[in-house]
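Me: Please take a close look at the aromatic rings of this structure and at the parts around them. I would value one connected account.

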Amino acid sequence: MTDTIPARSPATEPDSPLARVLRQPFILGLFLPIQDGGWTPSTLPRTTTWTFDYNARLTQRAEALGFDLVFGLAQWASHGGYGGKTRYREISLDSFMATAALAACTERILLISTLHILYGPWHPVHLAKFGATLDHISKGRWGINVVTGYAEREPLMFGMKKIEHDTRYEMADVFVERLKQLWSLDRNLTVDGPHWAMEDAFVTPKPAYGRPVLVNAAGSRAGIEFAARHSDLVFITSPAGNQLEDALASLPDHIANIRATAAKQGSSLRTMINPMVICRDTEQEAIAYRDAIEAAADVEAVENFAEHGRRGDSHAWRNQRRQHRAIGGNLHLVGSPEQIVDALLKLKAAGIDGVQVTFYDFAPDLEHFAEKVLPLLYEAGLRIPEDRLTATPAAA
């Protein structure tokens, strides 16, 4: 039996945690540093660590501040990480486990785990059962960032050879369709394939709001088409580079293409981008902070990480002009609180629906953001107090 199940996004359920988030004018997320070194291979002193306790405290603080979601990346680094004095990213928590575990110490915030669904012996029945369980535990707040793996060396850890780019998305399409069937069907599912066979498969409990939140990170045609078919949110990068001016020039056409692709699928896909926020009370202080981070760069780690990206086949990083490479993040926002808010307003005008921000020194930089930037976001209309959000369904 190969029933085709209509995509029932939790966005269509007015009482779902996702629908509440989508009522904000601009989604605000925190990209957690669950890997050693965060996004910045620099030796400038900081408090940031990869530990679960540190990330749990960040998440609880973000929730108290009204952030909508937290998100963790997945990576498979070899011994020594990306090298250098810092052994950049040698240590990392598993995103699936760590982000899911945050359900036990939070109440409102969305929790997005990243998982390479094509590495190793993953089967849709496994993830459908795990996801349904996490949906139940989190009361609909858990979601999965579905990734297929662009790196050359990572599949080798699993005894696999790298799968061709578009073939990976064809396989992911089947995988996620099976997830949606298992989350929706009130009877057993039997299929011969392709890729994953199952006989009399059945999963309970059923998710509270149709299915868990689905996300993916994409820049290629195949990735965007996949997102349009399956995802609620898509994490994108600036096609032109990590500086705001380049991003603002390239993002409108890129986002227009994403929205047109989603419209053909009858969906409304929200876009998010990852800025590294370097903010101080004045522009001069912020630039000095940026320059100090870069001056302390672990050059060997910077070069090795860049080479790792070049050897992969991710389309999101092609044709980019990368400046201040030691800083990290998909986009650099550097300036005073007023300048940061102005940049976010420009990103919204370019079509971006939200951000998942990163910082160099997460805990103190988050507090500065909370004190100096967050109030201005409300004044600018980018954020609305929780008690003023109208309980109307979001578009699917």
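Reply: Rings of Phe, Tyr and Trp (its six-membered ring) are paired if their centres lie within 6.5 Å; planes under 30 degrees apart count as stacked, over 60 as edge-to-face and the rest as tilted. The model is a predicted one, in which local features need pLDDT of at least 70 and side-chain atom pairs count only at pLDDT 80 or more, while totals for chains, interfaces and linings use all residues. Residues are numbered from 1 along each chain as its sequence is written, and side-chain values use heavy atoms, with hydrogens and water left out.

The structure contains 19 aromatic pairs. One of them joins W76 and F158: the ring centres are 5.1 Å apart and the planes stand at 85°, so this pair is edge-to-face. W76 lies in the loop between β2 (69-71) and α3 (95-101), and F158 in the loop between β4 and α5, so that the pair links distant parts of the chain, 82 residues apart. Helices (H or I, at least four residues) and strands (E, at least two) are DSSP runs, numbered from the N terminus. Relative accessible area under 20% means buried, over 50% exposed, and in between partly exposed (1.4 Å probe, protein chains only). W76 is partly exposed because its relative accessible area is 30%; F158, also with 30%, is partly exposed.

Over the face of W39 lies R89, at 5.8 Å from the ring centre; a charge sits over a ring if NZ of Lys or CZ of Arg is within 6 Å of the ring centre and within 35 degrees of the ring normal.

F362 also takes part in a helix contact. Y54, L58 and R61 of α2 meet F362, A363, L366 and E367 of α11, where contact means heavy atoms within 4.5 Å. These residues divide into five nonpolar, no polar and two charged (Ala, Val, Leu, Ile, Met, Phe, Trp, Tyr, Cys and Pro count as nonpolar, Asp, Glu, Lys and Arg as charged, and the others, Gly among them, as polar). The axes of α2 (residues 52-64) and α11 (residues 362-379) come within 11 Å and cross at roughly 5°, so α2 is roughly parallel to α11. Axes are lines fitted to C-alpha atoms, for helices over the stretch in contact, with angles from 0 to 180 degrees between N-to-C directions; angles under 35 degrees count as roughly parallel, over 145 as roughly antiparallel, 65 to 115 as roughly perpendicular and the rest as oblique.
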